[in-house]
Amino acid sequence: MISTSLPASRFSVGLTGGIGSGKTTVADMFAARGAAVIDTDQIAHQLTAPGGAAIAEIRAQFGDAFLMENGAMDRAKIREYVFSEPAAKSRLEAILHPLIRIEVERAAQQAQGEYLIFVVPLLVESSSWKQRVSRVLVVDCLEETQVRRVMSRSGLPEAQVRAIMAAQASRQERLAAANDVIDNNGDALALAPQVDRLHAAYAALASASAAHREN
Ligand code: ADP
């Protein structure tokens with residue numbers, strides 16, 4: 001019988017965690033070991049950079065006031081606006097999410113690594129992302145540690161960091177959705193053995209799934 005279903009996609013890991021949990025740090029370590037990392041935040045930045053594919057629609061819906069002189073979306077201004085206006089948040093997401101998905105799938109098609117890692121800050125909040133990935137990997141740390149790291153990285157005031165965290169899934173919700181967890185409460189040295197172990201497991205699952213698809 002000829003199968004009419006789409007070919008199963010490559011083995012992929014959705015890497016998530018709260019702001020400041022260490023997603024980027026951990027993703028870089030997987031990339032160094034041979035995973036193809038696709039960062040949805042980076043893609044969103046490109047879409048809203050000068051000349052980015054989302055800019056025309058953002059201008060049409062929000063106006064020039066939300067663009068900077070160089071033509072990029074004014075991230076600080078729009079963040080502040082959508083925080084106080086849930087309807088505006090939905091409108092912005094309706095512009096960005098489909099474009100992000102197109103770019104993500106394009107990057108996934110072109111990716112060379114042993115397997116794919118999608119870095120998705122709000123993965124647990126998104127049923128379509130949970131369905132898209134083979135496994136969910138959560139980078140976990142105490143909320144106090146998140147606050148401290150974000151404040152020292154970005155200089156944001158504590159209240160703003162906590163407001164961002166309050167708009168994301170809770171630590172418990174994330175852990176409940178995880179297939180795998182990396183504990184990032186310790187120092188950076190404590191990450192390497194955890195990444196080594198998971199990378200070996202993912203590489204094995206990826207080659208098993210590739211063999212299965214070829215049969
Ligand atoms: P995310 O991408 O989840 O927001 P990052 O990987 O950017 O988090 O990490 C947030 C900040 O904390 C960065 O400045 C990073 O260098 C730092 N950081 C991450 N993990 C550790 C760690 N184990 N020890 C100390 N600093 C860390």
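**Entry 1: domains.** Which domains does the domain assignment of the chain give? I found domain 1 (1–35 + 114–210) and domain 2 (42–112). I kept in mind that this is a predicted model. I then looked up the C-alpha centres of the two domains, and they lie 22 Å apart. For the contacts, I noted 11 residues of domain 1 touching 8 residues of domain 2.

**Entry 2: the cores.** I went to the largest nonpolar core next, and it has 30 residues. Ile58, Phe62, Leu92 and Phe118 have the most contacts inside this core. Which elements give two or more residues to this core? My list reads β2, α2, α3, α4 (75–84), α5, β3 and β4 (135–140). Helix α5 gives the most, with 7 residues. The core also draws at least three residues from each of domain 1 and domain 2.

I clicked on Phe62 to see what it touches. Leaving out residues up to four places away in sequence, I wrote down Ile78, Tyr81, Ala88, Arg91, Leu92 and Ile95. There is also a second, separate core of 19 residues, and Leu15, Val26, Ile182 and Tyr202 are among them.

**Entry 3: helix α2.** Which residues of helix α2 (residues 40–47) are buried? They are Thr40, Ile43, Ala44 and Leu47. Looking down the axis of α2, I saw these buried residues fall within an arc of 100 degrees, so they line one face of the helix. The spacing made sense to me, because an α-helix has 3.6 residues a turn and residues three or four places apart point the same way. Then I checked what covers the buried residues of α2, and the cover includes β2 (36–39), α3 (55–62), α5 (86–110), β3 (116–119) and α6 (127–132). At the start of α2, I found a side-chain oxygen of Asp39 within 2.8 Å of the backbone nitrogen of Asp41.

**Entry 4: the ligand.** I counted 13 residues around the ligand, of which Lys23, Thr24, Thr25, Arg153 and Asn184 come nearest. A polar backbone atom of Lys23 is 2.8 Å from an oxygen atom of the ligand. For Gly20, a backbone N or O atom lies 2.9 Å from a ligand oxygen. For Ser21, I read 3.3 Å from a backbone N or O atom to an oxygen atom of the ligand.

**Entry 5: Arg197.** Is Arg197 buried or exposed? Arg197 has a relative accessible area of 55%, so I put it down as exposed. I found Arg197 in helix α10 (residues 191–214). Last, I looked up Arg197 and Gly63: they are 134 residues apart along the chain, and their C-alpha atoms are separated by 49 Å.

Note on methods: Residues numbered from 1 in each chain as written. Predicted model: local features only at pLDDT ≥ 70, side-chain atom pairs only at ≥ 80, totals over all residues. Heavy atoms only, no water. Buried < 20%, exposed > 50% of the residue type's maximum accessible area, 1.4 Å probe, protein only. Helix = DSSP H or I, 4+ residues; strand = E, 2+ residues; numbered from the N terminus. Arc of directions from axis to C-beta. Contact = heavy atoms within 4.5 Å. Polar contact = N/O pair within 3.5 Å; in protein donor to acceptor, adjacent residues only side chain to side chain. Core = buried A, V, L, I, M, F, W, Y, C linked by side-chain atoms within 4.5 Å. Domains from an automatic or database assignment. Near = heavy atom within 4 Å.
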